[in-house]
Amino acid sequence: MDFEAVDFWGLDAELSEEEIQIRNAVRAMVDREVLPIIGKCFEEGHFPMHVIPVVAEMGLLGANLHGYGCPGIGEVAYGLVMQELERGDSGIRSFVSVQGSLAMYPIYTFGSDEQRQKWLPGMAKGEIIGCFGLTEPDFGSNPAGMRTYAVKASDRWVITGNKMWITNGNIAQVAVIWAGTEDGFRGFIVPTDTPGFRARLVEHKFSLRASVTSELILDNVEVPLDAVLPGVVGLKGALACLSAARYGISWGVVGSAMAVYDEALRYAKERVQFSKPIAGYQLVQEKLVEMLTEISKAQLVNLRMGRMKERGLLRPHHISFAKRNNVAMARRTAQLGREILGANGIMYDYQVGRHLCNIETVYTYEGTHDIHTLVLGKEITKIAAFE
Amino acid sequence: MKILVTAKRVTDPNAKIKLKSDKSGIQTDGLEYKPNPFCENAIEEALRLNETHGGEVVVVSIGPSDVQATIRTALAMGAHRGILVTGLDDHQMDSDLVARVFAELYKRERPDLFLLGKQAIDGDSNQVGQLLAEYLEIGQACFASKVEIHGSEAIVTREVDGGLEKIAVGMPAVITADLRLNEPRYASLPGIVKARKKSIDEIDIRSLGIDTHLKVETVAYEEPKTRGGGVTFVGGVDELVGKLKSEAKAI
Ligand SMILES: Cc1cc2nc3c(=O)[nH]c(=O)nc-3n(C[C@H](O)[C@H](O)[C@H](O)COP(=O)(O)OP(=O)(O)OC[C@H]3O[C@@H](n4cnc5c(N)ncnc54)[C@H](O)[C@@H]3O)c2cc1C
């Protein structure tokens with residue numbers, strides 16, 4: 001049975017024919033390439049590597065970047081791509097987010113022309129996989145405390161430190177590593193086969209199981225002087241990447257929620273208990289209405305956010321609003337959907353349980369829900385409550 | 001090599017179809033359309049042949065202006081340009097008229113191959129390819145599961161009852177695609193962006209100078225009978241046979 005998307009407010013009418021085409025193409029790909037295998041991947045805890053050439057061929061890696069083999073699509077179209085990917089699985093969307101927004105984007109935005117020429121075309125083709133190392137074992141919400149440090153010698157940089165929870169770490173050929181230097185925080189392009197660089201797989205996760213998560217160990221890793229991203233000094237470089245990725249996450253989780261809602265609604269109409277389908281009981285209807293309402297509101301936020309981004313009006317606190325609101329919505333939706341499916345809701349044969357587990361990661365990474373609350377609180381009151 | 005290939009839109013097979021109250025047709029308001037899957041196979045094959053043999057792939061369709069979206073999808077997959085014959089609504093056509101429109105386009109474009117889906121999954125008529133070849137008096141190979149070009153001939157493996165049949169048809173020829181012919185590619189983002197700049201010519205049906213009266217008259221549409229509830233059967237064989245005779249009237 002084909003997936004039916006939520007469009008209560010007829011938002012398709014606000015999309016261009018091209019945006020709809022892009023969305024539908026990714027939707028069809030997810031139906032064929034992701035959904036048939038993703039339950040098993042999640043259960044076995046591996047990332048479906050065969051999806052990489054497919055998404056690369058479609059131009060989904062760095063899709064909103066221009067040139068260097070990237071198609072340069074609009075921001076709403078890009079958001080729709082993320083939405084459709086996460087309708088499949090948060091792990092697939094995370095792969096594409098990290099490659100595009102966290103690895104390609106900093107090279108594109110802060111890199112030299114040589115760095116862009118060297119890395120971006122291969123990354124767009126999916127031949128070079130990237131990862132993004134900001135978080136450390138002891139510094140998550142507060143990356144400014146990071147201990148990873150790069151010392152400049154006459155002809156090279158020497159980087160030492162540990163990065164934790166790094167998506168794509170073990171499958172990456174290149175890592176964008178953020179480290180302190182004499183002049184402040186800098187980003188470095190580090191090939192993962194550089195001596196002293198090691199990636200250790202993080203196992204035993206119950207969330208984002210169809211995604212590679214790693215610890216990166218950098219032990220006196222030597223890279224040439226031109227490995228540093230010249231365009232930015234300070235944490236704002238890393239934060240700009242996070243803004244780009246959070247934008248995609250805000251769209252992505254609506255896909256997750258729509259998958260859950262679609263499955264829960266179908267199930268509720270078919271599952272008969274006592275004398276009629278459970279969809280006919282008020283308590284179940286309330287859950288369905290709650291899901292539909294919150295998904296629709298998140299869609300409205302996304303569309304407005306996307307159009308603002310296209311016009312250059314978007315500010316980081318807007319993205320904090322969307323990330324915070326939409327992920328919490330998807331988390332609640334996953335819970336409600338799982339309730340509706342009863343015992344079947346805990347099985348891999350259905351999607352709700354997988355989305356329920358995945359969203360726990362999405363709730364935490366890229367700025368936890370609470371951290372975005374504090375960002376918005378600061379925006380309103382002009383008083384920072386982080387410390 | 002120049003190829004004409006069809007892109008028909010069909011109602012989403014999973015959508016719930018409702019009939020108009022006078023049973024003259026289906027309610028089309030808010031109906032979602034998809035490209036006919038067999039046309040997608042034909043388009044994919046046209047693109048693959050084009051990749052090996054060069055030339056041009058021209059996508060053709062008939063219907064109101066919004067059928068451009070269906071053509072645009074084929075352009076996004078890699079076809080070069082499109083032709084849309086307008087002035088007819090989806091329900092103002094039968095297989096014969098469609099074949100005559102395509103015959104006219106053939107005469108204008110003079111392709112080496114005319115590729116179509118073996119049938120559209122809405123009407124399931126399975127007639128257009130055959131009629132078209134007949135009107136054009138050229139060879140046909142329907143239900144293709146493999147197509148190879150050797151010189152001026154197309155070697156086509158056909159899916160026939162009970163097996164496969166391999167035939168050679170001289171070009172120009174009409175070939176209709178079966179499901180196993182290939183796995184259609186996804187439209188890529190660069191393809192979709194490029195498709196925006198590709199041309200789709202709209203031709204009014206009246207300018208084709210063909211007779212548009214239909215050979216098939218649709219009398220009425222009926223919904224399928226809703227299935228009755230199942231019967232729980234508890235007794236022995238005799239009771240079952242009795243029920244099959246008296247209630248189900250199956251034997
Ligand atoms: C599967 C997965 C993939 C990831 N991928 C990447 C990646 O690719 N690259 C990368 O760099 N990182 C990645 N991360 C790391 C992620 O961004 C961090 O986990 C996140 O920033 C939170 O940090 P933490 O886990 O150390 O939690 P902490 O910062 O220790 O937070 C713990 C709790 O304390 C709360 N808290 C912290 N500070 C405050 C405060 N001031 N006021 C109120 N509450 C506070 C938080 O909201 C949270 O609830 C990934 C994480 C996961 C789980």
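Visitor: Which elements give two or more residues to the shell around the ligand?

Guide: Helices (H or I, at least four residues) and strands (E, at least two) are DSSP runs, numbered from the N terminus. In chain A, strand S5 (156-167), helix H9 (352-364) and helix H10 (369-381) each give two or more residues to that shell. A residue is near a molecule if one of its heavy atoms lies within 4 Å of it; here 19 residues surround the ligand, and the closest are Thr135(A), Ser141(A), Trp165(A), Thr368(A) and Phe386(A).

Visitor: Is Ser214(A) buried or exposed?

Guide: Buried means under 20% relative accessible area, exposed over 50% and partly exposed in between, with a 1.4 Å probe and protein chains only. Ser214(A) has a relative accessible area of 0%, so this residue is buried, and its place is in strand S9 (residues 213-224) of chain A.

Visitor: What does Ser214(A) touch, apart from residues up to four places away in sequence?

Guide: Contact means heavy atoms within 4.5 Å. With those sequence neighbours not counted, Ser214(A) touches several residues, among them Trp165(A), Asn170(A) and Arg200(A), and the side chains of Ser214(A) and Asn170(A) are joined by a polar contact of 2.6 Å.

Visitor: Where does Glu136(A) lie, and why does Glu136(A) count as buried or exposed?

Guide: Glu136(A) lies in the loop between strand S3 (130-133) and strand S4 (149-152) of chain A, and this residue counts as buried because its relative accessible area is 4%. The side chains of Glu136(A) and Lys163(A) make a polar contact of 3.0 Å. Leaving aside neighbours within four places in sequence, Glu136(A) is in contact with residues including Met146(A), Arg147(A) and Asn162(A).

Visitor: How is Pro121(A) to be read?

Guide: Pro121(A) is found in helix H5 (residues 113-124) of chain A, and its relative accessibility is 25%, so Pro121(A) counts as partly exposed. With neighbours within four places in sequence left aside, Pro121(A) is in contact with Tyr68(A) and Arg116(A).

Visitor: How many helices and strands are there in chain B?

Guide: Chain B has six helices and eleven strands, and its C-alpha trace spans about 70 × 45 × 40 Å along the principal axes. Of its 251 residues, 45% count as buried.

Visitor: How are the residues and chains labelled, and which parts of the model count?

Guide: Residues are numbered from 1 along each chain as its sequence is written, while chains are lettered from A and ligands numbered from 1 in the order in which they are written. As the model is predicted, local features need pLDDT of at least 70 and side-chain atom pairs count only at pLDDT 80 or more, whereas totals for chains, interfaces and linings use all residues, and side-chain values use heavy atoms, with hydrogens and water left out.

Conventions
A polar contact is a pair of N or O atoms within 3.5 Å; within protein, one must be able to donate a hydrogen and the other to accept it, and residues adjacent in sequence count only if both atoms are side-chain atoms.
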